[in-house]
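Hello,

I am handing over the structure that we spoke about, and my notes on it follow below.

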Amino acid sequence: MANYQWYPGHMTKAKRMMQEDIKLIDLVIELVDARVPFSSRNPDIDELGKNKSRIILLNKSDLADTRKNKLWMEYFIDKGFHVIEVNAKTGAGIKSIYGVVQEACKEKIERDRKRGILNRPVRAMVVGIPNVGKSTFINSFAKKACTKTGNKPGVTKGKQWIRCNKELELLDTPGILWPKFEDQRVGLNLAMIGSINDEILHLDELAYELVRFLCDEYPGLLEQRYNIEISENQDAYETIKAVCVSKKCLLKGEELDIMKASSMVVDDFRNGRLGKITLEAPK
Ligand code: G4P
């Protein structure tokens, strides 16, 4: 899994590219991570993509809490967006995009029709923060009967468009948004899902935070997975120690290997082995 380090230079360049690319398209397909839809979303896209239609894809929905996925769908629909739950890795949910594109772009399609322009495909661009699944989505979507169209007259030279069907073309390079660390929780959530450098937060601290969260929101889950007992108000450090004992995470001389157990818990969460978990609820 990739880790990302962000520098002001990257951000400026990414933003400039996005501003250029956005001029070429009708529709923004914005990916968010269903486990952290708020933290994995940069609201600057609302400004950058104003006057464009928008579809939000709740990606990695396979790793997120099914009930919370529904709540997030309602939240985004309430905000006026079109939303689809997807799994870019398996392609689940992706087929329904075509119908939603027609719905999201119906004004543009109608405008074209009135001007006598028929069959002009909707042009779309995928955007999202690093690691949210943009490349996986484009590959998965493109595989389903899409062909690359290459350069086209009237389109900036070098841009590759993927022709999905006669109604939709996709820019083959995604737009990268940078995470917006408005509050500490955002950084923590992005570290939890492995989208930012683990060094920003120590793995053991990350594991304690995760343990606290899981005990509050998903009681019984850690007990079951690691075959441990957790008493009421038990300190997260004690819980990790219990994982060490149960999973035999030991250093020489039977000393508990806190880092190994911490890493195991965080990894199990990231890979969905702890179950379908969403870290934040809509506000
Ligand atoms: P990016 O372009 O936005 O940076 O993200 P990218 O597609 O590289 O995806 C980042 C990671 O997320 C990849 O895993 C990818 O397989 C995984 N991923 C993308 N969409 C989904 C999804 O809907 N569900 C699940 N479970 N995973 C998804 P990786 O660890 O980097 O590689 P690998 O494990 O696939 O080899």
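How many nonpolar, polar and charged residues does the shell around the ligand have? By class, that shell has 7 nonpolar, 6 polar and 4 charged residues, where Ala, Val, Leu, Ile, Met, Phe, Trp, Tyr, Cys and Pro count as nonpolar, Asp, Glu, Lys and Arg as charged, and the others, Gly among them, as polar.

Please keep in mind that this is a predicted model, in which local features need pLDDT of at least 70, side-chain atom pairs count only at pLDDT 80 or more, and totals for chains, interfaces and linings use all residues. Residues are numbered from 1 along each chain as its sequence is written, and side-chain values use heavy atoms, with hydrogens and water left out.

The ligand is surrounded by 17 residues, each having a heavy atom within 4 Å of it, and Asp 62, Asn 131, Lys 134, Ser 135 and Thr 136 are the closest. Among the polar contacts (pairs of N or O atoms within 3.5 Å), a polar side-chain atom of Asp 62 is 2.9 Å from a ligand nitrogen atom, while ligand oxygen atoms lie 2.8 Å from a polar backbone atom of Asn 131 and 2.5 Å from a polar side-chain atom of Thr 136.

Best wishes

Note on methods. Polar contact = N/O pair within 3.5 Å; in protein donor to acceptor, adjacent residues only side chain to side chain.
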